[in-house]
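Thanks for making time this morning.

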Amino acid sequence: MVEAGADTGRILDQGYRRFTGARRPPARVSWVIALEELRQAWKEKHFRRVVWAALLPLLFFGVLVFLKRFMPMVGFGGDEGVRLFRVQQFWSVFVVFYVGRNAIGEELRTGALELIFSRPVSFPRYLAGKWLALVLAVVGIIAVPVCLLGLFELLWTPGSDLAHFARLVTSAVFASVLVGLAQGALMLAISALAGRGTAAGVVWVLLYLVLGGAAEGVSHATGSMEALALSLNGAGGGLFSNLMGSSTFQATVPACLAGLVGYAALGAGLTLLRLRRYRKGAS
Amino acid sequence: MNLTIRARNLSKWFGQVVALNDLTFELAAPLIGLLGQNGAGKSTLLKLLVGLLAPSRGEVSLDGRHPRHDRRLRRQLGYSPELDRFYEDLSPAEFLLVMTRLHGLPAEAARTATQETLERVGLSAHAQRPIRTLSHGMRQRLKVAQALAHRPRLLVLDEPLAGLDPLGRIELNRLFREEAAAGCTIWISSHVLHELQALTDTVLLLHRGRLLAEGSVRRIRDLIDAHPHRVAVGCARPRELGAELARLDHVRRIEFTAKGLVVETERADECYDALGRLGAEGTLGIHSLDALDDNLEAVFRYLTQ
């Protein structure tokens, strides 16, 4: 064994001390990654524009709810929350585009993943962090406006009760989390496989549209409402509608859950496979 | 106390390409130089050390622990890769803060560590500029800073001095020495011999994925029998000295120079003994002895020829 050389070192006091304090638990790593991802997305002006634009439907529906106080016939017969949920799902596509397109692909391409994985960060925590960022963004863009609209209804619409508001909030959060998980997982997988941010973003939007069209087509051809759950939009909107007891045409809860969970599992699986390949040195 | 790094039959291959082939060594020194030509397997070895890659065969351990699966151990490692592509839109301060927090440091401690480290690597003045606007030298410093900010026990640096100006090299070398003196074990790879020799005497020589030699440069040189040692002797009376040296059986060649002579010997220790004795007699005016090939470059050349 080679020992240290002829004791030529000396300790220079530079006021520099090793960190001996308590460290955060590993689970915090996912939050650090997620918040950084969102912070980076917020720096992009187009993303900020999308976020502000996504608040416009809330303004529209808020005005409707306000007018209903004086004109009960205005609006969508009490389904304003469901309608807003569906509209916000449209905006979530762009939010996922901006937050997720560079999430893994760019780090794979530039080699920055080496910096991450040389730290005490495991694959699952890394993936959880990226995923969490997307889920938070989707929940923010879908559930927050819907809950605010519910609050407006509670405040302005005569006969509104707290129980309905609580149901709306719970359903909106639950459904938007599942939508976020499904959309986020697919976006991460596309990003990891495409390697380039812009390409990943374009593929994501195309996939969203193709899935929507395919679901409509299959549903029309077979006459089955369950087929609507093949699309991300149909599965998310259908789930929320069912939870709110809305009577619009939609797939059943099990079909919607199967659709969303299936896409989430597919996306996460593909991403993990790509990361595993990277970690084996085959990047 | 330096980490003991042990490799046993360590091999790594990527498909048909063998990057490292059956390396076995054990090293515990504050500063260890990893030397080899491009493609020798230096970067692969460093990635195995920090757990970024898994060995195809054999194992590598740090103080008996395996970096690939030991999260607590990985908190004590700092790694600076060869590539310098970061998150281009972040500023150095933001980048360091995130990287430090990924090591589990609380926000306040991470902020303090970030400021201190930026100052240490000389990037305080550029802390808020986007990384994409930094020069190559600044990126190199930032790369070292992200490996250093959380105060690791083992600092693994892949070509940290590549592309730096002379002043930058001096400053970073000083930083590495300070860290090593403070108890941090540092592994530095390079294919530039004099860079490493200026930093450390303990080296690991790799060639085409195989371990050529390990230990101090001087000791390795002594072990190379095939090449005679060359010693430059500065003296007032070289011809008389040459006649004395020619009588020794281990002296193979004597070459006269403007300041004295250069002697080639098969047994360096005996030659130095003889020169010391002759010098002590004081009749030949010997005033300097200089080992011409007792350096990393010569060692590397001899071993890879």
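Let me start with a definition: a residue is called buried under 20% relative accessible area, exposed over 50%, and partly exposed in between, with a 1.4 Å probe and protein chains only. What we have here is a predicted model, in which local features need pLDDT of at least 70 and side-chain atom pairs count only at pLDDT 80 or more, while totals for chains, interfaces and linings use all residues. Residues are numbered from 1 along each chain as its sequence is written, chains are lettered from A and ligands numbered from 1 in the order in which they are written, and side-chain values use heavy atoms, with hydrogens and water left out.

The two chains first. When I speak of helices (H or I, at least four residues) and strands (E, at least two), I mean DSSP runs, numbered from the N terminus. Chain A has 11 helices and zero strands, whereas chain B comes to 11 helices and 13 strands. Of the 283 residues in chain A, 50% are buried, and of the 305 residues in chain B, 54% are buried. Accessible areas come from the Shrake-Rupley method with a 1.4 Å probe, and for residues only the protein chains shown count as cover. Chain A exposes about 13200 Å², with carbon and sulfur atoms supplying 67% of it, while the accessible surface of chain B is about 13000 Å², with 48% belonging to carbon and sulfur atoms. The C-alpha atoms of chain B, taken along the principal axes, fill a box of roughly 70 × 45 × 35 Å.

A contact means heavy atoms within 4.5 Å. Among contacts with a separation of 6 or more, residues 24 or more positions apart account for 74% in chain A and for 66% in chain B.

Now to the interior. A nonpolar core is a set of buried Ala, Val, Leu, Ile, Met, Phe, Trp, Tyr and Cys residues joined through side-chain atoms within 4.5 Å. Which residues have the most contacts inside the largest core? They are W204(A), L45(B) and W187(B), in a core of 152 residues. Helix 7 of chain A, residues 123-156, gives the largest share of this core, 16 residues. Leaving aside residues up to four places away in sequence, L45(B) touches L10(B), L20(B), L23(B), F25(B), L34(B), W187(B), L204(B) and L206(B). A second, separate core of 12 residues includes C235(B), L241(B), V251(B) and L278(B).

Helix 7 of chain A also holds V144(A), which counts as partly exposed because its relative accessibility is 43%. Together with L148(A), L151(A) and L155(A), V144(A) makes a nonpolar surface patch of about 320 Å². The C-alpha atoms of V144(A) and Q88(A), although 56 residues apart along the chain, are separated by 9.9 Å. Next comes helix 8 of chain A, residues 162-194, whose 33 residues reach 47 Å from first C-alpha to last, close to the 48 Å expected at 1.5 Å a residue. Just after helix 8, G195(A) takes a positive phi of about 85°.

Finally, the charged pairs. A salt bridge is a side-chain nitrogen of Lys or Arg within 4 Å of a carboxyl oxygen of Asp or Glu, and by this rule the count over all chains comes to 28. R109(A) forms one with E106(A), the closest N and O atoms being 2.8 Å apart. Both lie in helix 5 of chain A, residues 105-110, three residues apart, about one turn of the helix. R109(A) is partly exposed at 35% relative accessibility, and E106(A) is partly exposed at 21%.

In chain B, R120(B) pairs with E178(B), with 3.2 Å between the closest N and O atoms. R120(B) lies in helix 4 and E178(B) in helix 6, so the pair ties together parts that are 58 residues apart in sequence. E178(B) is buried, since its relative accessible area is 17%, whereas R120(B) is partly exposed at 23%.

R230(B) and E255(B) meet in another salt bridge, at 3.9 Å from N to O. Here strand 10 and strand 11 of chain B are involved, so parts 25 residues apart in sequence are tied together. The last item is a network of salt bridges that links E36(A), R39(A), K43(A) and E94(B).

Conventions:
Expected span 1.5 Å × (residues − 1). Patch = residues over 30% accessible without salt bridge, like charges linked within 9 Å, V, L, I, M, F, W, Y side chains within 5 Å.
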